[in-house]
Each structure stands twice: as structure tokens, then as C-alpha cells.
Amino acid sequence: MSTGAKFGQMFVAIGLFTLVFGSILLLASRAKDRAAERIQAGAFVLPALLFLAVGLIYPAILTVYESFRSADSSSFVGIDNYLTILTQPDLQVVLRNTVIWMVLVPLAATAIGLLYAVLVDRARGEAFAKSLIFLPMAISFVGASIIWKFVYEYKPTGFAQIGLLNEILVTLGFDAQNFFLLPSPWNTLFLVVVMVWIQAGFAMTILSAAIKAIPSDIIEAARLDGATGVKMFRRITLPSIRPAVIVVLTTIGIGTLKVFDIVRTMTGGQFETSVVANEFYNQSFIYNNTGLGAALAVLLFILVIPVVAYNVRQLRKADAR
Amino acid sequence: MTATAPILIETPIRDPLNRRPRAASLAKTSLTSPWASLAALVIATLWTLPTLGLLITSFRPQLAIQRSGWWNVFNDPDLTLDNYREILGGDSSLAEYFVNSVVITIPSVVLPILLASIAAYAFAWMKFRGRDTLFVAVFTLQIVPLQVALIPLLKLYVNQLHLSGTYWSVWLSHTIFALPLAIFLLHNFMKQIPIELIDAARVDGAGHVRILFKVLLPLITPALAAFGIFQFLWVWNDLLVSLTFVGGTPEVAPLTVRVAELAGSRGSAWYLLSAGAFLSMVVPLIVFLALQRYFVRGLLAGGLKG
């Protein structure tokens, strides 16, 4: 396909879509009798609902079904796939790594984002300072992984190092390290860094906005009472922005749960660095174990639920106050 | 960008980049402390240096990259465009993948906006039975990880629709996965429009279609822009969806798929990887920097998807 043909196909697709939905809306708006309003509502809502039903709900139900079936989907195996995930040593490592990600990334990204938001608040050049931390959000996980892989690049001691981290180690008199080959789970930390690096900007943005929204009279009152620095932060800032902190923690937590690109690009899940989302991909597409792949996908979904529930409960509490 | 579920911020929050002078400020004193300045500087350095290193590397000759660290460029500035020539026109050209990324991304942003604004309008301003229940259902779908839908959807494309390995499979998938968040966000913005405006249009004889396209959409352009940027970054930077549906079709596969493949197969070819990575980043970075305001507004209104 030539470039022209590709763009041609693109415009045809957009045109076709617009035409189809335009006609549906126009036809519906012609309806005149008492049912008119209902027909119009249907024309407005049903296309989107159809997409969701066919593309999301039906596939999700099928996946749940597949998760109770064998590797080639030929027979019913009950909860065997789930038991495999919980009991097989390789997969236990995957679960352990996922827990490490889920704990470290939200905490570290939120802490750094919050610290930075407080540090640069009202400072000269605040907008620029924020952009620096913010920018990784525009970069793909693949791009970020390559950036960090280069930081970790390893050459044996004695050769010129081209990776920044090993250069620093060597300059300080240590041996150069191949960080991905460090004993598991320590090597996972070097992957976790990438996600923290990406997510801190998100945390900073939300928390900075929350800090700026604290009513100034509260701050003035606290200041008159003699609160400054750390005390002000612990007694006034942190309680005031608590709902935002929870939103940030849970949002990053959910994103981290599904992290796939980073692991795949950096190690491919080798050296015991795999996580659930990566293992889902491997089982589904490389080992063709549809049953186990489906069970891992369902597991991702199950793990999201408590995080969301916690988020909703905390926000309700905050609202009630 | 970020893979995540949507969030809902209920605290009153203002645009952090839109700084208005206020009477009191929490940390007015913070940067006057040298330690605070130092801490901010350390974080800022950690957050920029890795990118800068790879950027500089992408302009160094192949041999120099292997022989010395990028920081040596300050003693020995030997820069070249060869790496970019290689990835734009050489044997390992990424130009076609770049085109694919553009062709994949534009409809994947336009189509969900179109579909979602129509649905969001109905949820916000039309009366029909089961409306609120349906809206909650759509809203809840945001928490479904797309992994759960991938394989059955792929089978659907292969067996029933015969779309596997085509742009259509990626366009449709991104549209579907975007809908819950898009409908939710646009609904919230549409709901904020004063009812008097809608009523006035109705009195003038405007039907739903006219009200949506002539009154509402122009008013919520910032929201459309905010969602558009999210979706743009999400689709352009996506690996999983493209890998699943067109990963085996170089003719259609986007940059992320190819660059990730290079990182696996030619992991030490840094002259290719560095330039390739930046080729894949340049468009989102431009869009992001140009439209940062809208992005932040969208973020604060509760959108971060995945």
C-alpha cells in the first residue's frame, strides 16, 4: 500500500463513519409522532452501546468463560487455571513482582510528585519546572523504556561505559553491573523506576492543583498560629489534599497493574521480571495457552476492583465530611 | 502514555498552570531554603538527564556511541544526522511505520469523539427509560482492563469480520476502548452547560441534532480538545492493541510496535534505537507542549485512561 492509499483509506473510514451516523441521526430526527423522542434517544445512544456490547462486554464474558477451559479450549477444567497461577513457582514470581510494582510505583510516584509540587509551588519559573517532570507523560512506555535501558547499558568493567548509571558506579570505584541480571526481585526495581519516572508528573499535576485550591484563610490562620514548614505541611496541606492523594494513588495503582510495555521492552519478562499483564500476553500469544491467558486477564480485572472500591469509599467519606 | 483507569476528582481544583496571584500561599518560603532548592534541582535533573542522554546519542556517529558515553560530547562535539538519515530513508527505514502511526491515530481519535459526543448528549439532555442505569453501566465499564477483551475481539476480527491485520481492526478497537471514558467526560462537560441555553434553542425550534452540533459542541470545545489529546497520546503511544491486531503486519503496524521490536532484536544498535525512539516521540511531544493547558484541564476533570 502506498502512503497515498493509506491516507485514502483513512479518509474513507472517517467519511463512512460520519455518513452512517449522520444518516441515522437525520432519519431519527424525521420521526414525528409520540414515539419520536424515544426513537431519537435510541439513535443517539444505541450505536455507542452496540460498540461496547460487541467489542467489550461480549469479549469480556467470553474471556471469563475461556478462563475455565483448557489450554486449547477443548475441555472444561474448572478453576485449574487459577490454581496454576497461585501454585506454579514461575507464576508465583510473576504475582510477587506485580505486588512489588503495585506497592512501589504509586507510593514513590506520589511522594515524589507531591514533594516536587510543594517545592516549586509559587517559585519563580514554576511552570517551566513543572514541565520538566510533566514531559515524560507524553512519551510512550516503549520510548521511556529505551531511554532507561540506555541509562542501564552495561559494558564489562575496564571498557568505557556508555550507560550513565554504570559510569557513575565505575567513577565511584565500584564494578559495572548488568542490572537486569541482578538477583530477582532486585532487578525488578530497575524497571519500576521507569514507571515512577512516567507517573510522577501525573501525581505532581493533580496534587499541585489540589494544593493551590486550599482556601487561603486556612493557611493564614495556621500561619498566625505559628505553623511553618514541615508542621504546616503535616497539619494543613496533607489533610486538605487527602482526597486528591487517594485519587492519585489509586489511579497510578490501576495503571501499574496493567503495565506491559515496559517489561516487554526492557527484559521481555526474562530473569524473573515478568508481571501479570506481560504473562497474559506471553501465555495468550506465544505459548498459545488460551485458558491460562484468559485467567490472567480475569485476574487483572479482579485486582482492579478492590482498588476502585477503596477509591470510591474514600471519596464518599471525603464528601460526607 | 499512561495506562490507567479513569478517576473522578471531587475536590475543587484549579488549573495548576494557570497561576493566579493569591493572598496567601502555602510554600511561599519553600524555595528560599537552599535545601528545598537543591531537592527540586535533583529531581528535575533526574527527570531530564536520561532523555537528554538519549537525545544527544541520537546525533552521535555510530562508532562514537559504542566507544564513549554521551557525556563526552561536551569535550568532543562530533555530531551527525546520519542516524536520522538511516531511519528515515536507509535500510532500516521507519518512515512507513511513521505513516502507519499517523493513519492509525487520526481516525482512532476522531471516531470515538464523534460517537461519544452523540451518546453523551443523549445521556445528558434527553429523557428515556433506563437512562441513568445505562449511564452508570457505561461509566463502570471504564474499569474493565482491555486485556479482558483482546483475544475474543481478535477472533471476531479474524473469523467473522475478516478485518485482522487491517487498519480497521485497530481503529475499531481503539474506538471501543475509548468510549466509556469519552462518554463519561463529555457527559460531565455537557451537563455543565446552563439549561437556559438549551431551552432557548428549543424554543427557537431546534431539534436535538441542531442543539448538539450548533449549541453544545462549540461550547465544549475545550473538553473535546482535552479528550482528544488524551486519546491521541494513548493511541500514538499504544503498544498492546497494535501488537495484538496488526503486530504481524509490517505494512500496517505503527512505530511503537517496530521500535519495541528493534529494542528486542537489535538491543545494542543504539544509533538506530535512539533516533527511532525520538522519531516516535516527536509528534506526541509537539502536540503535548502545544496543547498542555487542555491536557491538564482534562486530567483534572477526571480523565486518565488505559
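Predicted model: local features only at pLDDT ≥ 70, side-chain atom pairs only at ≥ 80, totals over all residues.
Six residues of domain 1 of chain B are in contact with six residues of domain 2 of chain B, where contact means that the C-beta atoms of two residues, placed from the backbone, lie within 7 Å. Helix H1 (34-58) and helix H2 (62-67) of chain B each supply at least two residues of the side of domain 1 that touches domain 2. H1 of chain B gives the most to this side, with four residues. The residues of this side comprise three nonpolar, three polar and no charged ones. The domains themselves, with bounds from an automatic or database assignment, are domain 1 (32-80) and domain 2 (95-300) of chain B.

Residues are numbered from 1 along each chain as its sequence is written, while chains are lettered from A and ligands numbered from 1 in the order in which they are written.

Chain B as a whole has 14 helices and zero strands; helices (H or I, at least four residues) and strands (E, at least two) are DSSP runs, numbered from the N terminus. Of the 306 residues in chain B, 51% are buried, that is, 20 or more other C-beta atoms, placed from the backbone, lie within 10 Å of their own.

Chain A has a mean pLDDT of 90, pLDDT being the predictor's confidence in each residue, from 0 to 100.

Definitions and conventions: Buried ≥ 20, exposed ≤ 12 C-beta atoms within 10 Å, placed from the backbone. Nonpolar A, V, L, I, M, F, W, Y, C, P; charged D, E, K, R; others polar.
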